[in-house]
Amino acid sequence: MGNISPSTAEIVRLSGAVPGAEHLLEVTNVRKAFPGVLALDGVSFRLKRGHVHALMGENGAGKSTLMKIIAGIYTPDSGSFRLKGQEIKLASPLDALMYGIAMIHQELNLMNFMTVAENIWIRREPLNRLGLVRHDEMRRRTKKLFEDLEIPIDPDVEVRDLSVANRQMVEIAKAVSYDSDILIMDEPTSALTDREVEHLFRIIRTLKEQGKGIVYITHKMNELFEIADEVSVFRDGRFVGEHPASEVTRDDIIRLMVGREITQMFPKETVPIGDVVLSVRNLSLEGRFRDVSFDLRKGEILGFAGLVGSGRSNVAETLFGVTPATSGAIAIDGKEIAVTNPGTAMDAGMAFLTEDRKESGCFLLLDIMANMQIALLRHGHARAGFVKEREIEALCQQQKQRLRVRTPDLEEPVINLSGGNQQKVLIARWLLTRPRILILDEPTRGIDVGAKAEIHKLITELAAQGVAVLMISSELPEVLGMSDRVLVMHEGRMTGIVDRKDADQVTIMELASQ
Amino acid sequence: MATDVSTAAPPTEAPRAGRRRLPPELSILGVMVGMMLLFEALGWIFVGQSFIANPLRLKIMILQEAEIGIIAVGVTQVIIMGGIDLSSGSVVGMTAMIAASLAQTEGYTHAIYPSLTGLNPIFPVAAGLLCGLVAGTINGSLIAYTKIPAFIATLGMMVSARGVADWYTNGQPIGNLDDSFAAIGAGWWPVIIFLGVAFIFHIALRYTRYGKFTYAIGANPLAARVSGINVERHIVIVYLIAGLLSGLSGIVHTARAISGQAGVGVGFELDAIAAAVIGGVSLSGGVGRMTGTVIGAVILGILTSGFTFLNVDAHYQEIIKGGVIVAAVVADQYRQRRRKSV
C-alpha cells in the first residue's frame, strides 16, 4: 500500500471509518543525527490505543528528539513510521496534526495578546459567507470543549491574563480540539501545583477512555506510577527497554536510565585541598531557588548535579551577579561581599563560563582576539584608554597554544569555529583573568569527544594549581568523574552534598528526582 | 604573567603578511571609484565635460556631505553598538538656533539677547555642543535604564528637539552672525572637522577599550554583561557622543549658512544612517568600521553632485538614492548569510 496523503488521512479519520489497529503508532528503527551528535540510534517505540506511555531518560537521552520526530518537527534520517498500521511520512508539524498527532510543548506556544478562543481555533476559525470570523460560534465551540474537559476558563480572556497552569490547560484543550488520536505531552506538570496536576490527570484519564493514546514525558517518578500504563527508557540516544508500569520499580527505572558504563577516562588527580575560598550561606533568588549553602575550597572541584530546570544554572548566575540574590550571603576568603553585577564578581576573583555558548558567551561576529580579551580589559592592559595590543595579543597567543584552539590566526571570526574551539576561546577569555574561583556551566556540552577530554584535563590542571572549580553538568559520568564533591539540586532546593567516595549514579539520580 | 610577556611572544606563528586579510572597505571603495568613472563617462557623453577634473565641483560635493558625515561618525558608533539614532537631524536644528542666538554681531539691535552680542565664538560653540550632549545623554539614559527601544527613545527626541528649535524664536531665522563664528564654516573647515572627528573615532573604535566595548555590546549584549562590562553606562556614553557630534554638525551648518534656521537638518539622520549602512555598518550591530562610513558619505555626495551635473531632475535623484541605500543593505544581508553558511 502506498502512502496516503495527510488530507486524505484527515478525512478518513474524521469519518471514523478506519478500524482500530492495536497500535496507534509504531516507530521502528529510527535514526537521527545532528552535526556532531547522533541523537537517536535505531530507536523503536509503540503506542497502544487508550494507553499512557511514559518516556524516561536523562537529559540528552533522546526523548525530546523522538517526540519531535513523532510530532513532525524533525524528519528522521531513516526508520519506519506506521500510524494505525499505515506507513506514513511526516513533513511538517501541520502534517502531523492532520494525521491526528498533536503535541503540547513544554514551552507554551500561545499568542499572548489573543483570546483563549482565538488561540484554540487559529487557522480553523469558523467563517460566515463573507469570509469573516464568527466569534459567537468560536465561543460556543470553546465552551463545549471546556465543558467536556471540565476546564473553568472564560473563552474571551486574553491568554496573557491567564496563569501558567491555565495556559497549560488551554494548550491541552487546543490539542484535543484537533480530535487527535495521539497526544504528546512534554513535562506537562513542570509548572503546575499538586491540585492542578490532579486536574490534569483527570483530563488524561478522560482522554484514555475515549481511546486516545498519550505519550507522556516526565522526570518525576511518582507521576509515572500514577498515570502511565507503559514506560520506555532511553539512554544516550538508544532505546533501553519497554515495560508495563505496574511491573517495574523506581529503582529499576533509575538503573535503566543511568546504567551505562563510564567509557571516558576522567583524568582526575588527587590534589591537596586548601582553605575555603568561597562560602555561600542560604543564597536565594525568589522564584528560582532558595537556601543554597556550601563551601568551596582551594583546589577542589565541586560538581553541581540535577535535572535541567532544577536551579543549578540560576545559582551560578546569582553567584556571578548576573541575577543578584534576593537574600543570603556570599563570602570570599571569609569576607562577605555584595555581588551586584558581574563586575564585582570578577573583581573578587570569579570567572563564569555560561551554559549557552551562543546566547551569552560568544561574540559570534567578532574575531578570536576580541572574544578572548574582553574580560581581561577590565583588569588594566590599557593606558589612557588605549589597549596595549601587543601585550594582549601575546597573552591571547599563549592561551591559544595552551588550549590548542585550532585556527590559522586570531583574526578569524568566532562564528567560523567548531563548537569545541568556540568553547576553548571562551575558557581562554576567563583564564586570562587568572580567576581563583572558576564557575563552569556545562563546560563540555555539544562538543566532540576530543575537545571534551582536553577540557577535562585542563580543569584538573587548574584545580591542581589551586583554582577552586564549581562545575555544573547534566552528564552524570562527567560530574562523578571530575568532582571531589557533588551538590545535587531538585526544584530549586539543595537535596544534598555527596562526597566523591559515596557518589554513584543511583545516589545522585535519587537525590535529583526525589 | 605580565612581566614575562616579551619572552613568551609566540615565534612559532607563520609569517603574517602572506595571509593578511583584505580590508572589508575595499569593495565599497571600488563602488565609489566605479561610480565616479561612470559619471565621468556619462559627463563626456551627455554634457561634454569632465566630472572629476573640476576642483570646484569636488569641493562642493565634499562640503555638502561634511555635515552629514559628522553626524554619521556618531551614528556609526551607535549602530555598531546595536542601537539607532533618529534624533540627529532635529538636534542639528536645535543647536543651530541656540548657537546662532549667541553668535550675533556686536551692537545688533534686533538680537535675540541684545546684551549677549559680539561674544567670543567659544560661547556659541560651547552652548551648541552642550545642547547636543544633553540630547544625547537623555537618549542614552532612556535606552539604558528604562529599556525602551532605541527607535522609540530617539524618535521622541527627534520630535521634541525639533519642537525646541521652532519654539526658540517662533520659527524666525536668526541672522547677523559674527564673522569670527562664521569662520568655522568657511573654506575647507567643515571637511577638516569631519575628517578630524572621523579619524579620532576611527582610532577610538579600533584601539581603545571604549571601542572594544562598543563592538562587544553590539555583537552580544548579554555576553558583554557577563564579561563584566557596565553595559548601561556604556550605552549612555555612546549616545552622548552621538549627540555631541550632532551638535557639532549643527554649529558647522550654522556657521556655513551664517544664519540659524529652525528647519535645518530635516532628514539628516536618515542620510547619516544611509552613509553608515552603505559603508558596511550592520544594523544588527557588532559590525562596521569608520572608514566605511566615510566612504559611504562620499558615495552619497557623488550621487547628489553627479546627478546635478547631469541635470537629472531632483525627484529622480531621490528615487535612485533610495534604491542605492536598499541595494547596500541587501548586499550586506547577502554577505552575512554567506558568512553564516561557512
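In what order do the 6 strands of the open sheet with S16 and S22 (chain A) stand? The order is S16-S19-S20-S13-S21-S22, and the pairing is mixed. The structure is a predicted model, in which local features need pLDDT of at least 70 and side-chain atom pairs count only at pLDDT 80 or more, while totals for chains, interfaces and linings use all residues. Residues are numbered from 1 along each chain as its sequence is written, and chains are lettered from A and ligands numbered from 1 in the order in which they are written.

Helices (H or I, at least four residues) and strands (E, at least two) are DSSP runs, numbered from the N terminus, and two strands pair if DSSP finds at least two bridges between them. In the sheet of S16 to S22, strand S16 (350-353) and strand S22 (493-499) of chain A are at the edges with a single partner strand each, so one side of each is left without a neighbour in the sheet. From one strand to the next the twist averages 15°. Strand S13 (residues 301-306) of chain A runs parallel to strand S21 (residues 485-490) of chain A, and 5 bridges join them. A:Ala305 has A:Val488 in S21(A) as its bridge partner. Helix H18 (residues 505-513) of chain A lies across S13, S21 and S22 of chain A, at about 30° to S21(A). For such angles, axes are lines fitted to C-alpha atoms, for helices over the stretch in contact, and the values run from 0 to 180 degrees between N-to-C directions.

Another open sheet of 6 strands in chain A has the order S6-S7-S8-S3-S9-S10, again with mixed pairing. Its edge strands, S6 (101-104) and S10 (238-244) of chain A, each pair on one side only. The twist in this sheet averages 20° from one strand to the next. Strand S3 (residues 52-56) of chain A pairs in the parallel sense with strand S8 (residues 213-217) of chain A over 4 bridges, and A:Val52 stands opposite A:Ile214 in S8(A). S3(A) also pairs in the parallel sense with strand S9 (residues 230-235) of chain A over 4 bridges. Here A:Met56 stands opposite A:Val233, and A:Ala54 stands opposite A:Val231. Helix H9 (residues 250-258) of chain A packs on the sheet, where it touches S3, S9 and S10 of chain A, and its direction makes about 30° with that of S9(A).

A residue is buried if 20 or more other C-beta atoms lie within 10 Å of its own, exposed if 12 or fewer, and partly exposed in between, with C-beta atoms placed from the backbone. In S3(A), 5 of the 5 residues are buried, so the strand is largely enclosed by the rest of the structure. In a regular strand the side chains alternate between the two faces of the sheet. A:Val52, A:Ala54 and A:Met56 point one way from S3(A), and A:His53 and A:Leu55 point the other way.

The domain assignment, automatic or from a database, divides chain A into domain 1 (1-10 + 23-99 + 221-260), domain 2 (261-349 + 435-514) and domain 3 (368-434). The centres of domain 2 and domain 3 of chain A, taken over C-alpha atoms, are 25 Å apart. Two residues are in contact if their C-beta atoms, placed from the backbone, lie within 7 Å. On this basis, 11 residues of domain 2 of chain A are in contact with 11 residues of domain 3 of chain A. Helix H16 (449-464) of chain A gives the largest share of the domain 2 side, 4 residues.

In chain B, helix H3 (residues 55-80) and helix H11 (residues 231-257) pack at an angle of about 175°, with axes 8 Å apart. That makes H3(B) roughly antiparallel to H11(B), a description used for angles over 145 degrees, whereas those under 35 count as roughly parallel, 65 to 115 as roughly perpendicular and the rest as oblique. The residues of this contact divide into 12 nonpolar, 5 polar and 1 charged. Ala, Val, Leu, Ile, Met, Phe, Trp, Tyr, Cys and Pro count as nonpolar, Asp, Glu, Lys and Arg as charged, and the others, Gly among them, as polar.

A:Ala382 lies in strand S17 (residues 382-383) of chain A. A:Ala382 is buried, with 20 other C-beta atoms within 10 Å. Beyond its neighbours within four places in sequence, the contacts of A:Ala382 include A:Leu377 and B:Arg209.
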